[in-house]
Amino acid sequence: MEDKKIPSQEAPNEQLNRPSLEELRTELKREYRKHDYKRTLRNTLVVIVVVAAISVLVSSFFITVLRVTGDSMTPTLETGQIVIANNYSQFEAGELIAFYYNNKVLVKRVVGSPGDWINIDEAGKVYVNGVELDEPYISDPSQYAAGMGEGDKVEFPYQVPDKRYFVLGDHRSVSIDSRSTTVGCVSAEQLIGGVFFRLYPFKDFGGIESKASTGTESMEEPELQ
């Protein structure tokens with residue numbers, strides 16, 4: 001008696017388990033998307049690292065971002081504002097500078113350069129080499145800050161030492177600055193740079209007024225053509 005062969009059931013099952021052409025296309029698209037995602041992520045990380053490195057270099061060698069605290073520079077600068085300092089070391093009267101003092105960063109306004117004679121009268125008017133400064137940006141002018149001890153006051157007229165700058169805050173009645181022998185004039189070693197731009201708040205975004213006038217500046221007349 002011959003054995004009857006039972007038809008194999010594996011072939012139909014194999015047929016059922018085979019992915020369709022549409023399923024293959026879908027899986028292929030999924031693999032492409034994974035590849036694109038990984039490539040995009042890798043490129044994004046590279047860009048972030050490069051931008052961060054450039055930011056650190058720029059911050060270290062060209063600019064410094066600072067947050068203002070205290071009210072010695074009101075109304076020009078107020079607590080919470082964020083400003084940029086450009087890392088250079090030559091300044092004119094009226095420019096704002098940031099510098100280190102007792103492990104803190106202070107922002108003041110340059111009034112006198114090396115060799116200048118500074119005088120501040122009892123009304124708070126400032127004279128540089130005998131010429132009064134026009135300072136529309138200051139508030140509450142005074143000869144010395146309130147509460148400053150007699151032994152801490154510099155005597156006017158005062159000559160700025162070599163390689164140093166005489167600085168004042170804009171809120172003259174509260175600012176502890178070069179009028180105090182404790183702070184004194186700012187040396188090159190203390191300097192961070194000139195404060196020239198306000199980043200925040202956005203309503204005040206832009207450049208900062210930083211020029212004082214002695215009233216002696218003249219403008220060249222244009223040549224006639």
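I began with a strand pairing: Ile118 has Val128, in E6, as its bridge partner. The model I am reading is a predicted one. E5 and E6 run antiparallel to each other and pair over three bridges.

**Sheet.** I then traced the sheet around E5 and E6. I found an open sheet of four strands, in the order E7-E6-E5-E8, with antiparallel pairing. I looked for its edges. E7 and E8 are the edge strands, and each pairs on one side only.

**Whole chain.** The chain has two helices and twelve strands. Along the sequence I read the pattern α-α-β-β-β-β-β-β-β-β-β-β-β-β. I checked burial next: of the 225 residues in the chain, 34% are buried.

**Cores.** Nonpolar side chains in soluble globular proteins tend to be buried together. I looked for such groups here. The largest nonpolar core has 15 residues. Val111, Ile118, Ile120, Val126, Phe156, Phe166 and Leu168 touch the most other members. Strand E5 (117–120), strand E6 (126–128) and E9 each give two or more residues to this core. I noted a second, separate core of twelve residues, with Leu66, Met73, Ala85 and Leu96 among them.

**Val126.** I listed the contacts of Val126, leaving out residues up to four places away in sequence. Val126 touches Val111, Asn119, Ile120, Val131, Glu132, Leu133, Glu135, Leu168 and Arg172. Val111, Ile120 and Leu168 are on that list, and they also belong to the largest nonpolar core.

**Glu135.** The glutamate on that list made me ask: is Glu135 buried or exposed? Glu135 counts as buried because its relative accessible area is 11%, under the 20% cut-off. I located Glu135 in the loop between strand E7 (131–132) and strand E8 (158–159). Which residues does Glu135 contact, beyond its neighbours within four places in sequence? I found Val111, Val126 and Arg172.

**Gly130.** I turned to the loop between E6 and E7, where Gly130 is found. Gly130 is exposed, because its relative accessible area is 66%, over the 50% cut-off. I also took a distance from Gly130 to Asp116. The two are 14 residues apart in sequence, and their C-alpha atoms are 9.7 Å apart in space.

**Aromatic rings.** How many aromatic pairs does the structure hold? I count seven. I opened one of them, Phe91 with Tyr165: the geometry is edge-to-face, at 5.6 Å centre to centre and 80° between the planes. This pair links distant parts of the chain, 74 residues apart. Phe91 is in the loop between strand E2 (82–86) and strand E3 (96–101), while Tyr165 is in strand E9 (residues 164–168). I checked accessibility too, and both Phe91 and Tyr165 are buried.

I then looked for a cluster of rings. Tyr144, Phe156, Tyr158 and Phe166 form one aromatic cluster. Phe156 and Phe166 are in this cluster, and I had already met them in the largest nonpolar core.

**Charge over a ring.** My last entry concerns Arg109. Arg109 lies over the face of Tyr137, at 3.5 Å from the ring centre.

Definitions and conventions. Residues are numbered from 1 along each chain as its sequence is written. This is a predicted model: local features need pLDDT of at least 70, side-chain atom pairs count only at pLDDT 80 or more; totals for chains, interfaces and linings use all residues. Side-chain values use heavy atoms; hydrogens and water are left out. Buried means under 20% relative accessible area, exposed over 50%, partly exposed in between (1.4 Å probe, protein chains only). Contact means heavy atoms within 4.5 Å. Rings of Phe, Tyr and Trp (its six-membered ring) pair if their centres lie within 6.5 Å; planes under 30 degrees apart count as stacked, over 60 as edge-to-face and the rest as tilted. A charge sits over a ring if NZ of Lys or CZ of Arg is within 6 Å of the ring centre and within 35 degrees of the ring normal. A nonpolar core is a set of buried Ala, Val, Leu, Ile, Met, Phe, Trp, Tyr and Cys residues joined through side-chain atoms within 4.5 Å. Two strands pair if DSSP finds at least two bridges between them.
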